[in-house]
Amino acid sequence: LSLSQLLQENAGTILDLSATKLHHNHITELVNALGVATSLETLILENCKLNDNEIEILANGLAGAAIVAPIKRLSFRSNRMGNRGAVSLHAWFSTTGTLEELDLSKNQIGSRGAASTLHAFRDNRNCRIRMLNMAHNEIWDPDDGTFFAANRTLELMNLEGNFIHDEGIEAIAKGIVANKRCALQRLYLGWNGIGDEGCMQLAKMLERNKSIVTLGLGENDITSVGARALLAALATNTSLREITGLFHNQIDRKFIIAAIKR
């Protein structure tokens with residue numbers, strides 16, 4: 001059976017092709033299959049060795065009018081996607097009214113690809129995205145703040161393992177502050193290059209934000225200066241329940257313990 005026949009006859013909701021080397025002809029067949037998969041909600045393409053050329057073919061198919069698959073969850077985890085591949089998905093991300101979970105982690109996406117993705121969701125009036133994983137890529141500045149200022153659906157954002165420094169964190173923090181209907185609950189920023197200035201921007205954000213429950217900050221460059229500002233913000237913040245990885249920075253543990261006691 002072809003992939004199209006298989007999906008059409010079995011009416012499955014999940015298609016997992018993980019760890020399968022997909023060539024050009026396979027991607028073309030997959031695009032054709034998405035035109036008949038009226039019940040397909042989850043598409044997992046993890047570790048399929050997909051490069052930008054193959055991502056572009058799939059992206060063109062997803063953006064085409066022939067696609068009927070109501071995809072809610074899409075994973076491209078552990079492939080070879082770069083900026084070109086991420087940008088090619090912009091058209092579909094801008095129009096999809098079904099996608100809720102997107103995993104782009106462990107690829108080679110830079111700031112241009114990240115910004116293209118976030119701005120597509122920002123401009124999508126039918127956006128339903130709830131989970132976005134862009135961890136372990138090559139991102140310096142994921143957004144100018146406008147996505148975080150406008151989005152009302154995202155609940156989990158993972159940007160761990162990138163190259164985001166204080167300037168990028170400032171844009172994110174100010175965007176969240178500007179969002180009066182922010183839904184974000186879990187924000188993971190570990191394994192980046194965040195210093196005290198970025199941490200202080202996060203502290204200012206926490207003073208006004210009422211949605212974030214978990215904030216991940218492990219393995220950054222934060223010292224006791226940034227930690228002091230962060231902990232001071234908890235005097236007014238009513239939503240935060242967990243800061244993960246704070247000890248795994250350049251912070252005096254005795255200071256943290258004393259600050260928590262106060």
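The following legends describe close-up views of a predicted model, starting with the whole protein.

**Overall view of the predicted model.** Residues are numbered from 1 along each chain as its sequence is written. Because this is a predicted model, local features need pLDDT of at least 70 and side-chain atom pairs count only at pLDDT 80 or more, while totals for chains, interfaces and linings use all residues, and side-chain values use heavy atoms, with hydrogens and water left out. The protein has 11 helices and nine strands, where helices (H or I, at least four residues) and strands (E, at least two) are DSSP runs numbered from the N terminus. Its C-alpha atoms fill a box of roughly 65 × 30 × 30 Å along the principal axes. For 262 residues a compact globule would have a radius of gyration near 18 Å, and the 20 Å of the protein agrees with this; the radius is taken over C-alpha atoms, and the globule rule is 2.2 Å times the number of residues to the power 0.38. Buried residues make up 52% of the 262 residues, buried meaning under 20% relative accessible area, exposed over 50%, and partly exposed in between (1.4 Å probe, protein chains only). Among contacts between residues at least 6 apart in sequence, 87% join residues at least 24 apart, a contact being heavy atoms within 4.5 Å. The protein exposes about 11,900 Å², of which carbon and sulfur atoms supply 48%; accessible areas come from the Shrake-Rupley method with a 1.4 Å probe, and for residues only the protein chains shown count as cover.

Helix α6 covers residues 111–123, and at 1.5 Å a residue its 13 residues should span 18 Å, which agrees with the 18 Å between its end C-alpha atoms; the expected span is 1.5 Å times one less than the number of residues. The buried residues of α6 are G113, A114, A115, S116, T117, L118, H119, A120 and F121. Their cover includes the helices α4 (83–88), α5 (90–93) and α7 (146–150), together with the strands β4 (101–103), β5 (131–133) and β6 (156–158).

**Aromatic pairs.** A search of the whole structure finds four aromatic pairs. The rings of F147 and F148 have centres 5.2 Å apart and planes at 80 degrees, so this pair is edge-to-face. Rings of Phe, Tyr and Trp (its six-membered ring) pair if their centres lie within 6.5 Å, and planes under 30 degrees apart count as stacked, over 60 as edge-to-face and the rest as tilted. F147 is buried at a relative accessible area of 1%, and F148 is also buried, at 4%. Elsewhere, W92, F93 and F121 form one aromatic cluster, and F121 is one of the buried residues of α6.

**Salt bridges between parts of the chain.** The structure holds eight salt bridges, each being a side-chain nitrogen of Lys or Arg within 4 Å of a carboxyl oxygen of Asp or Glu. The side chains of E41 and K72 meet in one of them (4.0 Å, N to O). E41 lies in the loop between α2 (24–34) and β2 (42–44) and K72 in the loop between α3 (52–63) and β3 (73–75), so the pair ties together parts that are 31 residues apart in sequence. E56 forms a salt bridge with R84, with the closest N and O atoms 3.0 Å apart, and this pair links helix α3 to helix α4 across 28 residues. E56 is partly exposed at 25% relative accessibility, as is R84 at 38%.

The side chains of R130 and E100 meet in a salt bridge (3.4 Å, N to O), which links the loop between α6 and β5, holding R130, to the loop between α5 and β4, holding E100, 30 residues apart. R130 is partly exposed, at 31% relative accessibility. E100, E101, R130 and E155 are linked in a network of salt bridges.

**The loop between β4 and α6.** K106 lies in this loop and has a positive phi of about 60 degrees although it is not a glycine. Most residues other than glycine have a negative phi. K106 is partly exposed at 39% relative accessibility. N107, placed in the loop between β4 and α6, is buried, with a relative accessible area of 6%. Not counting residues up to four places away in sequence, N107 touches F76, R77, S78, N79, R80, M81, H136 and N137.
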